[in-house]
Amino acid sequence: MEETFIEITPLEAWDMLKQENAVLVDIRDPIRFKHSHPQNAFHLTNLTYGQFLDEYDYEQPILVMCYHGISSRNTAQYLVEQGFERVYSVRGGFDGWVRESLPVEQ
């Protein structure tokens with residue numbers, strides 16, 4: 001069976017951030033990210049991928065977030081294929097995060 005990512009809810013993602021040294025990566029465009037993003041999120045883009053590889057371990061849980069939880073699936077699968085062992089796509093994306101009133105910074 002092919003390795004793949006797991007979909008989780010925003011609340012499950014928040015719990016993993018607090019309890020498992022997970023990292024939340026936001027893949028939305030720079031303007032939206034700069035305007036507002038989850039607290040302590042890493043802005044993952046083609047330009048920041050090298051920095052991401054330098055800062056995070058392949059064993060660390062990686063939580064991928066986009067706008068609505070659709071495009072994050074492709075990025076999550078890509079990270080699995082690059083050797084990251086625990087990759088998750090956040091269902092509902094940033095919209096879902098905000099709906100759950102989880103911490104946001106600007």
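**Entry 1: a bridge partner.** I looked up V25 and found that its bridge partner in β5 is V64. I note here that the model is predicted. I then checked the strands themselves: β2 covers residues 23-26 and β5 covers residues 62-65. These two strands pair in the parallel sense, over 4 bridges.

**Entry 2: the sheet.** Which order do the strands of the sheet have? I read it off as β1-β6-β5-β2-β4. The sheet is open, has 5 strands, and its pairing is parallel. I marked β1 (6-8) and β4 (42-43) as the edge strands, since each pairs on one side only.

**Entry 3: helices across the sheet.** I followed helix α1, residues 10-19, and saw that it lies across β1, β2, β5 and β6 (87-90). Helix α1 runs at about 100 degrees to β1. Next I took α4, which lies across β1, β5 and β6. I wrote down its angle to β6 as about 175 degrees.

**Entry 4: the pocket.** I turned to empty space. Rolling a probe the size of a water molecule over the atoms shows where such space is left. The largest pocket has a volume of about 160 Å³. I listed its lining as I27, L44, T45, N46, Y49, T75, Y78 and L79.

Which helix gives the most to this lining? I found that helix α4 (residues 71-81) does, with 3 residues. I had already noted α4 lying across β1, β5 and β6.

Last, I sorted the lining residues of the largest pocket by kind. I counted 5 nonpolar and 3 polar residues, and no charged ones.

Conventions
Residues are numbered from 1 along each chain as its sequence is written. This is a predicted model: local features need pLDDT of at least 70, side-chain atom pairs count only at pLDDT 80 or more; totals for chains, interfaces and linings use all residues. Side-chain values use heavy atoms; hydrogens and water are left out. On a 1 Å grid over the protein atoms alone, a cavity is a set of points where a 1.4 Å probe fits but cannot get out, and a pocket is an open set with protein on both sides within 12 Å along at least five of seven lines; lining residues have an atom within 4 Å of a point. Grid points are joined across faces, edges and corners, and a volume is the space filled by probe spheres set on the points. Ala, Val, Leu, Ile, Met, Phe, Trp, Tyr, Cys and Pro count as nonpolar, Asp, Glu, Lys and Arg as charged, and the others, Gly among them, as polar. Two strands pair if DSSP finds at least two bridges between them. Contact means heavy atoms within 4.5 Å. Axes are lines fitted to C-alpha atoms, for helices over the stretch in contact, and angles run from 0 to 180 degrees between N-to-C directions.
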